[in-house]
Amino acid sequence: MSEKIGNKKLGQVREIAKPFISVFLALLCGGIIIEIIGENMGNIYQIMFTGAFGNRINIAETLIKSTTLIFTGMSYAFAYKCGLINIGAEGQLYMGAALSTWIGVNLTGLPAAVHIPVALLAGFLGGALLGGLVGWLKTRFDANEVITTVMLNYVAQYLVSWLVTGPMKEQPGDFPQTAMTQESAYLLNILPGTRLHMGFVLAIIALVLYGVFLWHTSSGYEMRIVGQNNKVAAYAGMNVKGNVMAAMFIAGGCGGLAGAMEILGVQHRLLQNFSSGYGFDGIAVSLLGSNNPLGIFLSSILFGALKSGGNAVQMFSNVPAAIINIIQALVIIFVVIDLVSKLWRKKMVK
Amino acid sequence: MDNFNLIGNLLLSVIRTATPILFVALGLLVMQSSGIINMGAEGMMLLGAFVGVIGTYWTGNVWLGVLCAMAASGLASLLFSYFALTFQVNQVVLGVAFNILFGGVTTTLSRSVFGLNSAPPKIDGFHDALFGLPLPVYIAFGLVLAIHLFFYRTKPGLKIRAAGEYPQAVEVVGLSVVKIRLLSSLLGGLFIGFGGAFLSLGQLDFFIENMSNGRGYIALAAVSFGKFTPIGTMLAVLLFGGGEALQYRLQAGNSIIPYQFALMIPYVMTIIALALFIRNASGPAALGKPYQKSH
């Protein structure tokens with residue numbers, strides 16, 4: 001009996017320790033690559049850590065990045081819970097950014113209390129429409145969502161590139177960018193002396209809503225059943241197609257909100273290629289966080305830190321910020337193949 | 001006569017732009033036929049493009065560069081399938097992780113070898129061999145026929161298809177499904193590497209970060225579009241190649257269409273093909289499913 005309880009406890013410890021060990025192993029492998037290109041691993045990681053948490057401003061920059069990552073992470077997680085693999089958060093982010101920029105620039109004379117929510121809603125819609133398109137292609141034509149989302153990422157980025165050099169270009173102006181949004185559409189600052197904005201709070205609220213919807217409402221339960229086994233769900237009389245459409249729409253909306261965060265909270269105008277791969281980072285955020293709210297929150301902080309630390313590394317050493325992508329991919333691989341359990345079990349057997 | 005030249009030139013450019021995708025699609029076809037979905041083809045192609053340039057740069061011989069690229073992508077593909085088969089994981093998520101990984105690896109290494117601001121070094125890539133096309137183009141299209149014969153006329157080809165279609169039967173006759181799939185992945189990876197190398201060494205003679213630009217995914221779509229046969233895959237790739245060639249034409253000419261819309265053509269074409277024509281293409285029955293021995 002006591003042995004059983006001991007095993008159970010050990011199992012729980014393992015579940016909690018797993019993501020941390022996966023991250024540690026990924027950092028170690030990243031370190032080997034850093035050594036290969038002739039830099040010192042300890043040195044680089046120290047620059048990275050200082051870049052992410054060294055002072056108040058750096059911490060704020062990390063949390064700003066986490067904010068956007070929470071939304072792209074939720075975008076992947078939401079679709080995943082319904083059995084879909086959404087690689088399209090990047091494109092959804094661009095569409096959301098475009099629409100919220102348009103609202104931010106062109107609606108004038110509104111109080112912030114109105115302008116901000118409307119601009120956020122526009123961001124949600126921009127992404128949701130693109131996600132909805134994927135859902136429609138999936139349910140109506142059975143088109144593989146992995147490929148359609150990847151293709152739409154390119155389409156969305158070219159569309160934004162056209163918008164900022166054509167119809168939405170700042171007038172008069174020589175740069176491929178839109179005008180600045182009205183100040184009434186700026187997300188409010190929550191930490192004076194830094195750029196940290198209220199989006200961070202909104203992201204946490206969104207995470208709570210995500211958790212409540214999926215685990216504490218019957219619609220959310222239905223969506224998860226569809227995700228686990230759509231044949232069983234259909235047999236039980238659930239509307240599989242409707243759930244797939246809804247999941248892609250909302251997942252797209254989360255991606256769109258990520259874009260709105262970047263525009264309304266940080267950049268305040270639309271530029272070409274302004275996202276440094278936030279949509280793809282979201283995949284790692286979601287997987288490392290086991291698709292649950294607390295997990296997504298914690299891993300968004302980690303990847304936010306890696307992102308701002310990566311920028312510091314690129315600035316102060318010869319290691320490019322792309323080293324972050326390597327670490328990220330390794331985290332995904334280690335989590336997906338459940339490397340830690342495998343190593344752990346072998347050790348136990350011995 | 002002028003029109004004749006125009007059509008001839010367009011055809012040559014279609015064939016040339018289709019070639020890297022064709023290599024990758026054929027590699028994917030071999031893997032998919034054995035039951036493995038390689039969503040990581042995009043990253044493996046990028047790896048091939050990078051290693052091809054590095055290999056050529058260091059050895060001074062483009063064919064040695066191609067060999068390096070094939071070896072690198074072949075190993076990557078083998079590793080992918082090893083993970084997918086032994087750990088029985090979601091092949092799609094694993095593939096996406098491989099894409100992110102090789103995107104990061106190639107960018108990091110290319111900056112450390114070539115630097116960021118320096119002008120790209122001169123690399124001697126492929127030269128035109130016959131009718132204004134370099135040799136790899138002929139190899140790619142020759143491979144279509146070779147794989148067709150291999151699949152439908154030889155025992156090993158049959159074994160690969162059986163592993164994807166009905167793995168239980170393969171085990172019953174005493175063969176290892178895992179081994180067949182691993183070997184198919186190695187073979188497929190070699191082709192994907194060649195495709196990547198031709199992407200960088202066929203025209204530009206240099207490596208650009210993320211230069212595969214979705215071609216790995218387009219190749220995946222082409223395999224389904226071609227109904228999982230070598231000849232069908234080739235026709236699908238030519239169609240996509242046509243879209244890409246058209247895009248270059250539209251960009252080059254002073255057309256009224258903004259260049260961004262021209263750039264979208266291959267991607268939009270892929271979506272339309274997926275939606276309208278691929279629905280009924282039935283792939284190998286055991287595609288993407290992890291195989292567990294029944295004993």
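I began with A:Ser290, which I found in the loop between α11 (278-288) and α12 (293-316) of chain A. I am working from a predicted model, and I keep that in mind throughout these entries. For A:Ser290 I noted a phi near 50°, which is a positive value in a residue other than glycine.

Next I turned to chain B, where B:Lys227 lies in the loop between α9 (215-225) and α10 (230-252). B:Lys227 is not a glycine, yet I read a positive phi of about 55° for it. With 17 other C-beta atoms within 10 Å, B:Lys227 is partly exposed.

I also looked at a peptide bond in chain A, the one from A:Gln171 to A:Pro172, and recorded that it is cis, with omega near -15°. To place A:Pro172, I followed the chain to the loop between α6 (145-165) and α7 (199-216) of chain A.

My last entry concerns the largest nonpolar core, which has 208 residues, and in which B:Ala25, B:Ala97 and B:Ala222 touch the most other members. Helix α10 (residues 240-267) of chain A gives the largest share of this core, 14 residues. I picked out B:Ala97 and asked myself which residues it is in contact with, leaving aside its neighbours within four places in sequence. I wrote down A:Ala329, A:Ile332, A:Ile333 and A:Val336 as the contacts of B:Ala97.

Conventions: Residues numbered from 1 in each chain as written. Chains lettered and ligands numbered in written order. Predicted model: local features only at pLDDT ≥ 70, side-chain atom pairs only at ≥ 80, totals over all residues. Core = buried A, V, L, I, M, F, W, Y, C linked by C-beta atoms within 7 Å. Buried ≥ 20, exposed ≤ 12 C-beta atoms within 10 Å, placed from the backbone. Helix = DSSP H or I, 4+ residues; strand = E, 2+ residues; numbered from the N terminus. Contact = placed C-beta atoms within 7 Å.
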